[in-house]
Amino acid sequence: MSNSGEIWVIGEQRRGRLEEVSLELLSKGTALSQSMGVTLSAVLLGDEVEEIAREPIFHGAEKVYLLEDARLRYYQSEAYARLLAGVIKEHEPQIILIGATEIGKELAPRVAAKLRTGLTAHCIDLYVGEVNGAPHLIHVVPGWGGNLVMHIICPQRRPQVVTVKPGVLPKAVRDENKKGKIIKVKPDVRDEDFSRIETVEMVEEPPQGKALESADVVVCGGWGINALGDFSKVQELADILGGVVAGTRPAMDKGWIDEARVIGQSGKTVSPGLFVSLGASGAMHYTTGFMGSKVVLAVDQNSQAPIFEMADIGIVGDLREVIPCLIEELKKDRMPRKF
Amino acid sequence: MGLEILVCIKQVPHPDHFSEIRLDVGSGRIIRDGVPAIINPLDRHALEEGLRVKERFSGRVTVISMGPPQAQKALEEALAMGADRGILLCDVAFAGADTLATANTLFYAIRKLDKFDLIYCGNETVDSGTAQVGPQLAELLDIPQVSGVQEVTFGDEKTLEVRRALEHGYMKVRLKLPALLCVTRDINRPRLPTVQSIMEVAQKEMIIWKAKDIGAPPESVGLKGSPTCAAGVYEYKAGRRREIMQGSTEEKVHRAVARFKELGAI
């Protein structure tokens, strides 16, 4: 670790709006910059995005490097990667944080490979810690077998680049009184950036039905639902709780839910008030998808399942009995009460 | 002349057996003894897409994998699906690779081949799931690349328009070959091997290359070529209450509902 070299957050904007994950990265970036005693900066690429360039400052950045050009309106694979790598080489930040969005997951490896440097995917936490007596930035990523995580470090090459899954870290607090500097960088956009590959259209569709990410209650079924034959009881429980239904990857493989409703490392991250896990053993690949939930209720027949380590409330039992019983119990609440 | 199509595949543990995989806390080694291995599910979609493009424009499909000797099984299965030849990159020098070192290994192997037009990868693996090797490989090869590919439309055999997934929506990207595409499960339904195609596997070419065969400098592959490394495995303290409800099913359920209300969950 070094006390020179900034920490950078690569801001992601779509249609002139800063993505939520950028605010999450800024909160972690602020904490790291304070513990390391270095500057936190953000980088923003786009067209006419000056209006939102103050947002990273309001959320903790001291500087914003702004690269504006009409041709950078949409994410453009080669132009974005080349320009970012260029500004990184010029200013030599030591740590770069990128949101593991659909675009970030493509951009981060392109940039890191251009710089021949280290890249760690979908971190769930980052902090400065000691490894063999020396301070390092610890990249915490989900591991195998229950509630184990792996610590990854990037000992030598700089900058070290990490992606962080959206929805895992808390958002930075907005404060309009915060002051910072916007540094306009004239991007050297070239025709050849678009000659091999070009984004021609970007269509954003509001999600159908109730959005998983903003639901107050999420009821998630896993492999164990097999014992019930289908997903109807999971849906019923979700309905009665006023929540939305989701599933694990094995549940998707069974055809019970579509990919947009898979919870976990390679799926969605949710942080509802109540997360109900039904018949899932609790591999880290899955549990990273709901870590931020206020209360977790887990039901599984195996009392040794790691899911109970990740739950506030556990019910060990046969899903065929417990789920209908839960539905009945919650129905009682709907009955008019006598006084 | 047709197209030279490469498909990168990885042998992974079967997702149904993930709960049997353990991490050795001391060494950080992944213990997957007795866990069956399969072709990474999205890589089958990548192969299917390669086979369809070959059927349309003619050409050759080569499947390539870096892995231990047993990864040859995955390549044989790919040959049974219809690929023309397999290349296994197998050397102790490749062990311990992070995604950049893996991309480097694939890069040196692909550089050794005469020519390629299209490279297909699965968008991510079910085990580590980083989705990084595809874009890193494209960068090293200096070719355009798209992740999250849901649909591919050919203009002619040198230009493509692909639809790629966004969180809520999609992007359309136009690109010129040679290119690398990382595909999602939306793109197609992978075929199953036929009795006929399984019989043909033995006649197909299987190449095994070590580090020296592909001219990979030792400092660019395996553990040595990896900028990142594991620093240990730890128990994750979720900070949850871990209260197990007791009693009959009715009692457990009643207590659980009362408890989550008390905690202000709903």
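**Exercises on strand pairing and chain contacts**

In strand 8 of chain B, residue B:C121 is the bridge partner of B:C8. The exercises below concern a predicted model.

**Exercise 1.** Determine which strands of chain B pair with strand 1 of chain B, and in which direction they run.

*Solution.* 
Step 1. Strand 1 of chain B is joined to strand 8 (residues 118-122) of chain B by four bridges, and the two run parallel. The pair B:C8 and B:C121 belongs here.
Step 2. Six bridges link strand 1 of chain B to strand 6 (residues 59-66) of chain B, again in parallel. In this pairing, B:L3 has B:G59 as its bridge partner.
Step 3. A residue is counted as buried if 20 or more other C-beta atoms lie within 10 Å of its own. Five of the six residues of strand 1 (residues 3-8) of chain B are buried, so this strand is largely enclosed by the rest of the structure.

**Exercise 2.** State the strand order of the open sheet of four strands, and explain why one side of each edge strand is left without a neighbour.

*Solution.* 
Step 1. The order is 8(A)-9(A)-10(A)-14(B), and the pairing is antiparallel.
Step 2. The edges are formed by strand 8 (125-131) of chain A and strand 14 (229-235) of chain B; each has a single partner strand, so one side of each lacks a neighbour in the sheet.
Step 3. On average, neighbouring strands of this sheet are turned by 35° against each other, direction ignored.
Step 4. The link between the chains lies where strand 10 (residues 148-153) of chain A meets strand 14 of chain B, through six bridges in an antiparallel arrangement. There, A:V149 stands opposite B:Y234.

**Exercise 3.** Describe how chain B touches chain A, in terms of residues, classes and a further strand pair.

*Solution.* 
Step 1. In total, 67 residues of chain B are in contact with 75 residues of chain A.
Step 2. With nine residues, helix 6 (residues 249-262) of chain B gives the most to the side of chain B that touches chain A.
Step 3. This side of chain B has 34 nonpolar, 16 polar and 17 charged residues.
Step 4. Strand 13 (residues 197-204) of chain A and strand 11 (residues 169-176) of chain B run antiparallel and are joined by seven bridges. One of the pairs here is A:I197 with B:L175.

Methods: Residues are numbered from 1 along each chain as its sequence is written. Chains are lettered from A and ligands numbered from 1 in the order in which they are written. This is a predicted model: local features need pLDDT of at least 70, side-chain atom pairs count only at pLDDT 80 or more; totals for chains, interfaces and linings use all residues. Two strands pair if DSSP finds at least two bridges between them. Axes are lines fitted to C-alpha atoms, for helices over the stretch in contact, and angles run from 0 to 180 degrees between N-to-C directions. Two residues are in contact if their C-beta atoms, placed from the backbone, lie within 7 Å. Ala, Val, Leu, Ile, Met, Phe, Trp, Tyr, Cys and Pro count as nonpolar, Asp, Glu, Lys and Arg as charged, and the others, Gly among them, as polar. A residue is buried if 20 or more other C-beta atoms lie within 10 Å of its own, exposed if 12 or fewer, and partly exposed in between; C-beta atoms are placed from the backbone.
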